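Let's take a walk through a protein together, one piece at a time.

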Amino acid sequence: MFWGRGLNEVALRMIPVEISFVTKSYGDLKAVNGVSFSVNEGEVFALLGPNGAGKTTLIEIMEGLRKRDEGDVKVLGLDPWENGYALHSKIGVIPQGFTFFEKANPREAIKYYADLFGVSVDPDDTLKEVLLEDSAGVLFENLSSGQKQKMGLALSLVNFPELLFLDEPTTGLDPNARRAIWDVIRGLKNKDKTVILTTHYLDEAQQLSDRVAIMNHGNIVAMGTSDEIIEAYGSGERLEIHGTEELASYVRANTDLKVEYKGKGLIGIALNRKIDALTALAAVEQSGLDWGEIHTRRDSLDDVFVKLVRGPMDAQGEIKAENNGVNSTDRRRR
Ligand SMILES: Nc1ncnc2c1ncn2[C@@H]1O[C@H](COP(=O)(O)OP(=O)(O)O)[C@@H](O)[C@H]1O
Ligand SMILES: [Mg+2]
């Protein structure tokens, strides 16, 4: 019966990725330090973190390319290390720093991969899917960085995978090329593919993913939608007023509000309730002191990220050390 079949299909829907308490050390270094999460069908899940956080190690454990020390890993119902061969025909992968034979063009590369997988594909269809149809015959060495990544995406799609692992798909690309890759990933999501990507770009994680796991030193330090992470780890809403330290002191002395003078003529007032804004403004007005622009503000994912990983990150994914004299190049990728 149809209704029965429908129910069975629902019951049989698999959780594509489930990992629990996964660890991996290189000598004394705990690269992955007890990580657990699951990724649902059709979800785009971002592992976000600075260089050295353990993203590649973790993603390669899920792909069956590295052996975990401890923990359970199920990818499409398989243990990736024990059943790597079966798994590899079902997943799509772009390794970090993807590259290919210089003298091959995208159309040839796709044919080559299709032969490897024993599948038949129309290279032009695949190239269309990654918005690379115009460069089907251009040698790899003559493709732009963004086009090279698109070719990597095309290759990851050759075996029609439901689940894709993209390790830093946009690192080093200019903003336009990055956005073009985002369009491709959004297209994959629209086709209900499940995507796990790693990135050190916050905007990328925020723009593309349904959920984000922030990784640092082998641990997941926060996980959820961007909004959930901001809600859990960010400071609540606050009123910001341009004014002097004297004004800040006045408001502090004449209300019960938490008032902070942030320097450079900026005052921050915590709003536990919306109505606190009225109390604050009444006190400001009453002070007779000068004040300027006002607005309310909430922590962004950037603000929360800086708190969680204890420092802002530069465009290369390095954490800028917080005056502790440690040069962040110590953690440079190998
Ligand atoms: N094969 C390896 N041997 C020794 N150390 C490694 C190896 N691969 C990665 N590491 C170290 O493990 C940590 C995590 O690396 P990685 O997983 O590449 O992080 P990410 O992808 O987040 O930059 C880093 O400190 C890195 O230097
Ligand atoms: Mg990496």
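**Starting with a sheet**

Three strands make up an open sheet in the order β2-β1-β4, and their pairing is antiparallel. Because β2 (29-39) and β4 (70-75) stand at the edges, each with a single partner strand, one side of each is left without a neighbour in the sheet. From one strand to the next, the twist averages 25°. Before going on, keep in mind that this is a predicted model.

What holds strands like these together? Strands of a sheet pair through backbone hydrogen bonds, in either a parallel or an antiparallel way. Here, strand β1 (residues 17-26) pairs with β2 in the antiparallel sense, over eight bridges. You can find some of the partners yourself: E18 has S38 in β2 as its bridge partner, and I19 stands opposite F37 in β2. In a regular strand, side chains alternate between the two faces of the sheet.

Now follow the chain from β1 into β2. The two strands form a hairpin with two residues between them.

**Stepping back**

Let's zoom out for a moment. The protein contains 12 helices and 13 strands. Its C-alpha trace spans about 80 × 55 × 45 Å along the principal axes. Of its 334 residues, 37% count as buried.

Next come some pairs of helices. Two packed helices are described by the angle between their axes and the distance between those axes.

Take helix α4 (residues 106-117) and α6 to begin with: their axes come within 9 Å and cross at roughly 25°. Angles under 35 degrees count as roughly parallel, so α4 is roughly parallel to α6. The crossing is right-handed. On the α4 side, the contact is made by P106, A109, I110 and Y113, and on the α6 side by M151, A154 and L155. Sorted by class, these residues are seven nonpolar, no polar and no charged.

While you are at α6 (residues 145-157), have a look at S145, which is found in this helix. Is S145 buried or exposed, or something in between? S145 counts as partly exposed because it has 13 C-beta neighbours inside 10 Å. Leaving aside residues up to four places away in sequence, S145 touches G172, L173 and A177. A205 lies 60 residues from S145 along the chain, and the C-alpha atoms of the two are separated by 20 Å.

Another pair is helix α9 (residues 226-233) and helix α12 (residues 301-309). Their axes come within 9 Å and cross at roughly 55°, which makes α9 oblique to α12. This crossing is left-handed. Which residues of the two helices meet? From α9 come S226, I229, I230 and Y233, and from α12 come L301, V304, K307 and L308. The residues of this contact divide into six nonpolar, one polar and one charged.

One more pair is waiting for you. Helix α10 (residues 245-254) and helix α11 (residues 276-287) pack at an angle of about 120°, with their axes 9 Å apart. The two are therefore oblique to each other. In passing α11, α10 makes a right-handed crossing. Here L247, Y250, V251 and N254 in α10 meet A280, A283, V284 and S287 in α11. This contact has six nonpolar residues, two polar and no charged.

**Looking back**

After that, go to α4 and α6, which are roughly parallel, and end with α10 and α11, which are oblique to each other.

Notes:
Residues numbered from 1 in each chain as written. Chains lettered and ligands numbered in written order. Predicted model: local features only at pLDDT ≥ 70, side-chain atom pairs only at ≥ 80, totals over all residues. Pairing = 2+ DSSP bridges. Helix = DSSP H or I, 4+ residues; strand = E, 2+ residues; numbered from the N terminus. Axes fitted to C-alpha atoms, helices over the stretch in contact; angles between N-to-C directions. Buried ≥ 20, exposed ≤ 12 C-beta atoms within 10 Å, placed from the backbone. Contact = placed C-beta atoms within 7 Å. Parallel < 35°, antiparallel > 145°, perpendicular 65-115°, else oblique. Left-handed = near helix turned anticlockwise from the far one by under 90°. Nonpolar A, V, L, I, M, F, W, Y, C, P; charged D, E, K, R; others polar.
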